[in-house]
Amino acid sequence: MVWNGDKTDVHWLKWLNDKPWTTLWIDGNHENFDLLKTYPEEDWNGGRVQFIRDNIIHLVRGSVFDIEGRKIFAFGGAESHDKEYRKEGRSWWAAEMPDAEEMEYGRQRLAEHDWKVDIVLSHSLPQHIQEHILRHEDYGRNALTSYFDEVDSRLDFRMWFSGHYHRSMRYDNRHFLIYNTIIKLTDTGFERVYPQSDMVKSDAERMPDRFCAEL
């Protein structure tokens, strides 16, 4: 919905903005980063954001937010493995990959919180998890997945959610892949609210109906 800046964008942004909730989102790899960077950054709930609309808020890479009693580390970005089929500046942007300054910003923000948060939101996974899950797929090591290896080893956290890999599953008791699944955070972890366990017999079966996070 931040893609062409045209009437289609306006239509869907209005549609989402009018919903009875606030949409917070991190960037992935297929974003128009030239358009996204035209939105000014500002402080919000302890971190940096861009207001796309009043109720549609982009979470800037490397920020730590205080939201409803939880500390959330947000770090978007991912490397496209279909770049050869896309055109730079029209359907692919090099800014999909964070630079060293953004990674250092994330380290500094985490240090301010003594390297302890409740939740991590990312698009990519740490490299060692990516390799284990996707050993037969075309997802190679890059600077961001290596950075997440560092974060994963240093950070004290309860749950890490990522969305890059088009599947919904639990990797272990702290790392979860989200794609076609909606979960609701609870005081102790989360519960899956869509799809219900009897509706889908594929990846969704691998996402627990309820989960209690490690403290």
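This is a predicted model: local features need pLDDT of at least 70, side-chain atom pairs count only at pLDDT 80 or more; totals for chains, interfaces and linings use all residues.
Q: Let's start with H3. How many residues does H3 have, and how far does it reach?
A: Helix H3 runs over residues 100–112, which is 13 residues. From its first C-alpha to its last it reaches 19 Å, close to the 18 Å expected at 1.5 Å a residue.

Q: Which residues of H3 are buried?
A: Met103, Gly106, Arg109 and Leu110 are the buried ones. Looking down the axis of H3, they fall within an arc of 120°, so they line one face of the helix.

Q: And what's exposed on the other side of H3?
A: Ala100, Glu101 and Glu112 are exposed there.

Q: OK, what covers the buried residues of H3?
A: The cover includes strand E5 (63–67), strand E6 (70–75) and helix H5 (143–154).

Q: Which residue caps the N-terminal end of H3?
A: That's Asp99, with a side-chain oxygen 3.2 Å from the backbone nitrogen of Glu101.

Q: And what follows H3?
A: Asp114 follows, and its phi is positive, near 55°. Asp114 sits in the loop between H3 and strand E7 (119–122).

Q: Is Asp114 buried or exposed?
A: Exposed: the relative accessible area of Asp114 is 66%.

Q: Where else is there a positive phi in a residue other than glycine?
A: His166 is one of them, with phi near 55°. His166 is in the loop between strand E8 (159–162) and strand E9 (169–170). At 53% relative accessibility, His166 counts as exposed.

Q: Switching to charges. How many salt bridges are there?
A: The count comes to 15 salt bridges. Among them is Arg107 with Glu150, where the closest N and O atoms are 2.8 Å apart.

Q: What does the Arg107 and Glu150 pair tie together?
A: Arg107 lies in helix H3 and Glu150 in helix H5, so the pair ties together parts that are 43 residues apart in sequence. Arg107 is partly exposed at 23% relative accessibility, and Glu150 is partly exposed with a relative accessible area of 23%.

Q: What about Arg141, which residue does it meet in a salt bridge?
A: Glu131 is one partner, at 3.7 Å, N to O. That pair links distant parts of the chain: Arg141 is in the loop between helix H4 (127–133) and H5, while Glu131 is in helix H4, ten residues apart. Asp149 also meets Arg141 in a salt bridge, at 4.0 Å, N to O.

Q: Now Gln130. Where is it found, and what does it touch?
A: Gln130 is found in helix H4. Leaving out residues up to four places away in sequence, Gln130 touches Leu125, Arg135, Tyr139, Gly140, Arg141, Thr145 and Tyr165. At 2% relative accessibility, Gln130 counts as buried.

Q: Rings next. How many aromatic pairs are there?
A: There are 14 aromatic pairs. In one of them, the ring centres of Tyr147 and Phe148 are 5.8 Å apart and the planes are at 45°, so the pair is tilted.

Q: Are Tyr147 and Phe148 buried or exposed?
A: Tyr147 is buried, with a relative accessible area of 3%. Phe148 counts as buried at 0%.

Q: Which residues do ring pairs link into a cluster?
A: Phe73, Phe75, Tyr147, Phe148, Phe157 and Trp160.

Q: Last one, helix H1. What's buried there?
A: In H1 (residues 7–17), the buried residues are Asp9, Leu13, Leu16 and Asn17. They cover an arc of only 95° around the axis, which puts them on the same side of H1. They pack against strand E1 (23–25), helix H2 (33–36), strand E3 (47–53) and strand E4 (56–59).

Q: Which exposed residues sit on the face turned away, and what caps H1?
A: The face turned away from the buried side carries Lys7 and Lys14. Asp6 caps the N-terminal end of H1, with a side-chain oxygen 3.1 Å from the backbone nitrogen of Thr8.

Definitions and conventions: Residues are numbered from 1 along each chain as its sequence is written. Side-chain values use heavy atoms; hydrogens and water are left out. Helices (H or I, at least four residues) and strands (E, at least two) are DSSP runs, numbered from the N terminus. The expected span of a helix is 1.5 Å times one less than its number of residues. Buried means under 20% relative accessible area, exposed over 50%, partly exposed in between (1.4 Å probe, protein chains only). The arc is that of the directions from the helix axis to the C-beta atoms. Contact means heavy atoms within 4.5 Å. A polar contact is a pair of N or O atoms within 3.5 Å; within protein, one must be able to donate a hydrogen and the other to accept it, and residues adjacent in sequence count only if both atoms are side-chain atoms. A salt bridge is a side-chain nitrogen of Lys or Arg within 4 Å of a carboxyl oxygen of Asp or Glu. Rings of Phe, Tyr and Trp (its six-membered ring) pair if their centres lie within 6.5 Å; planes under 30 degrees apart count as stacked, over 60 as edge-to-face and the rest as tilted.
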